[in-house]
Amino acid sequence: MRIGNKSLINHPTAAFIGPRHGYDSTDEQLFRTALDDWLNDGGVVMTGGALGADSIAMNHTIQWAEDHNSIELPLIIVLPRSSTPMTLTDSGHVTAASPSSNSDLFDYTATHDGLLIMRNLGECLPRGAAYIERDDLMVRLSNQVFVLAYLDPRSGTGETIRRARKHDVPVTVCGRNLVD
């Protein structure tokens, strides 16, 4: 299900990914600089809706759009099937069962001309498979992947980097790279 500005798919799009924790302030500053550069060049930011790097990318893009009086929100959020259960209200707002989720950012995105992609609501996959499916979709929709910090090759970040390289999508590690 796609909610919001579907035309964003046709713009140059970069997935901004990374760990939920373990990064430092230098990693984060380099990531934010990459976000600014991408947005200033007219690109669209894509995230997986999680905490850590995804939250940084979502919040930074929203702030950038507000600071630049952008008519559309250049943000695509792709949620995995096993995410916090989401519903779409009759008025077009997104709500989540869990207050600890990023549901306020999801709702803001859907109602401010961004794009929210929710995969087969009601159907759940085991957690790991759902994240692999989400990350694969993000790589396939992206022209570039930016990584907050590459700290562990066995992580979801490592898996997404391998998928991007397999599909010849350029990968830029913004912060520390403890793997390559």
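Which residues form one aromatic cluster? The cluster is made up of Phe16, Phe31, Trp38 and Phe146. The model is a predicted one, in which local features need pLDDT of at least 70 and side-chain atom pairs count only at pLDDT 80 or more, while totals for chains, interfaces and linings use all residues. Residues are numbered from 1 along each chain as its sequence is written, and side-chain values use heavy atoms, with hydrogens and water left out.

The structure holds 3 aromatic pairs. Rings of Phe, Tyr and Trp (its six-membered ring) pair if their centres lie within 6.5 Å; planes under 30 degrees apart are stacked, those over 60 are edge-to-face, and the rest are tilted. One of the pairs joins Phe16 to Phe31 in an edge-to-face arrangement, at 5.6 Å centre to centre with 75° between the planes. Phe16 belongs to strand β2 (residues 13-17) and Phe31 to helix α1 (residues 25-40), 15 residues apart, and the pair thus links distant parts of the chain. Helices (H or I, at least four residues) and strands (E, at least two) are DSSP runs, numbered from the N terminus.

Phe16 also pairs with Phe146, here stacked, with 4.8 Å centre to centre and 15° between the planes. Because Phe16 lies in strand β2 and Phe146 in strand β8 (residues 144-147), this pair ties together parts that are 130 residues apart in sequence.

The relative accessibility of Phe16 is 0%, and Phe31 is buried with a relative accessible area of 0%.

Note on methods. Buried < 20%, exposed > 50% of the residue type's maximum accessible area, 1.4 Å probe, protein only.
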